Structures are given as structure tokens and as C-alpha cells.
Amino acid sequence: MQARAYALAFSLCLSLAGAAHAQSGIASVYGAGDGHAGKRTASGERMNPGAMTAAHRTLPFGSHVRVTNRKNGRSVTVRINDRGPFVRGRVIDLSPAAARALGFSGLAPVTLGGASVASKRN
């Protein structure tokens with residue numbers, strides 16, 4: 001019975017993660033000169049400014065989401081490994097590498113889409 005409850009909860013998480021396709025807002029960059037580089041993220045791994053990672057308030061750790069810069073149309077897929085952003089109006093904090101791939105530094109208008117959750121296999 002407990003396994004069924006777990007499966008139901010996991011399915012709900014997948015459904016919620018898929019809802020990210022409609023999310024638009026402002027992306028920011030963190031981990032470059034702000035003291036976050038090398039420190040532990042909420043998932044426990046170290047913040048690597050060169051990795052294609054991001055912080056999101058609700059998407060599960062390990063999920064992948066497509067981020068599109070609405071100013072230039074560039075897209076990149078990032079892995080969620082931290083929580084944030086904690087500033088009103090912002091929807092995602094990107095590593096410096098992800099922001100560079102999207103062609104911006106600082107802030108940019110983005111759309112999030114195509115979230116997928118990696119499943120753990122025993």
C-alpha cells in the first residue's frame with residue numbers, strides 16, 4: 001500500500017513539473033562573484049559556475065527544464081539542483097555557463113518549458 005502511495009505522489013510531482021511549460025518571467029545569474037560558487041546547494045552538491053544548472057522554487061532536484069531567452073530565441077536545457085530565486089518576479093536562477101549559452105549576463109526575460117524528472121532505478 002505504501003508503494004502505491006509513493007507512486008501516486010511521484011506521478012503528481014511529474015504532473016506539477018510538466019506545468020513549468022507555461023512559466024515565464026525573469027531569469028537571473030548566480031554563482032559568479034556572489035559567494036555561491038563552490039558552496040553546497042540545497043540538493044547537497046557544490047555550486048559549479050561552469051555547469052548547466054539552475055535554481056527553481058518548486059521543480060524537483062534532478063529535473064531538466066528548457067529555458068528560452070525571449071529576447072534572442074536561444075534555448076538551453078538545465079538541471080535543477082538548488083532552490084531559488086528568492087526575489088519577486090524572478091522564475092529561475094541560472095549558472096553563469098547557462099546564462100552565457102543563452103546570451104545574457106544579469107537579467108533576461110525567459111520562458112521555461114519541457115520539464116522532465118529523472119527517475120531513480122534500483
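Contact, as used here, means heavy atoms within 4.5 Å. The structure is a predicted model, in which local features need pLDDT of at least 70 and side-chain atom pairs count only at pLDDT 80 or more, whereas totals for chains, interfaces and linings use all residues. Residues are numbered from 1 along each chain as its sequence is written, and side-chain values use heavy atoms, with hydrogens and water left out.

The protein contains 2 helices and 6 strands. Helices (H or I, at least four residues) and strands (E, at least two) are DSSP runs, numbered from the N terminus. Along the sequence, these elements follow the pattern α-β-β-β-β-β-α-β. Of the 122 residues, 37% count as buried; buried means under 20% relative accessible area, exposed means over 50%, and partly exposed lies in between (1.4 Å probe, protein chains only). Among contacts with a separation of 6 or more, 74% are accounted for by residues 24 or more positions apart.

The strands form a closed barrel of 6, in the order S1-S5-S2-S4-S3-S6, with mixed pairing. The twist averages 45 degrees from one strand to the next, where axes are lines fitted to C-alpha atoms (for helices over the stretch in contact) and angles run from 0 to 180 degrees between N-to-C directions. Two strands are taken to pair if DSSP finds at least two bridges between them. In general, strands of a sheet pair through backbone hydrogen bonds, either parallel or antiparallel.

Both senses of pairing occur around strand S1. With strand S5 (residues 90-94), S1 pairs in the parallel sense over 4 bridges. In this pairing, serine 28 has aspartate 93 of S5 as its bridge partner, and valine 29 stands opposite leucine 94. With S6, S1 pairs in the antiparallel sense over 5 bridges, and alanine 27 stands opposite alanine 108 of S6.

Strand S4 likewise takes part in both kinds of pairing. S2 and S4 are parallel and share 3 bridges, with alanine 54 opposite isoleucine 80 of S4. Strand S3 (residues 64-69) runs antiparallel to S4 and is joined to it by 5 bridges; here the bridge partner of valine 65 is valine 78 of S4. The hairpin of S3 and S4 has 5 residues between the strands, and within this hairpin glycine 73 takes a positive phi near 80 degrees.

The largest nonpolar core has 18 residues, of which Val65, Val67, Val78, Ile92 and Leu94 touch the most other members. The elements giving two or more residues to this core are S3, S4, S5, H2 and S6. A nonpolar core is defined as a set of buried Ala, Val, Leu, Ile, Met, Phe, Trp, Tyr and Cys residues joined through side-chain atoms within 4.5 Å. When residues up to four places away in sequence are not counted, leucine 94 touches residues including Ala27, Val29, Val67, Val78, Ala99, Leu102 and Phe104.

Glycine 106 is placed in the loop between helix H2 (96-102) and strand S6 (107-116). This glycine counts as partly exposed, at 38% relative accessibility. The C-alpha atoms of glycine 106 and alanine 27 are separated by 8.2 Å, although the two residues are 79 residues apart along the chain. Leaving aside residues up to four places away in sequence, glycine 106 touches Ala27, Ser28 and Val29.

A search of the whole structure finds 1 salt bridge, a term that denotes a side-chain nitrogen of Lys or Arg within 4 Å of a carboxyl oxygen of Asp or Glu. The side chains of arginine 79 and glutamate 45 meet in this salt bridge, at 2.9 Å from N to O. Arginine 79 lies in strand S4 (residues 75-82) and glutamate 45 in the loop between strand S1 (24-29) and strand S2 (53-55), so the pair ties together parts that are 34 residues apart in sequence. Arginine 79 is partly exposed, with a relative accessible area of 25%, and glutamate 45 is also partly exposed, at 30%.

Glutamate 45 has a further partner in asparagine 81: the two side chains make a polar contact at 3.2 Å. A polar contact is a pair of N or O atoms within 3.5 Å; within protein, one must be able to donate a hydrogen and the other to accept it, and residues adjacent in sequence count only if both atoms are side-chain atoms. Asparagine 81 lies in strand S4 and is buried, with a relative accessible area of 2%. Not counting residues up to four places away in sequence, asparagine 81 touches Tyr30, Thr41, Ala42, Ser43, Glu45, Thr53, Ala54 and Phe61.
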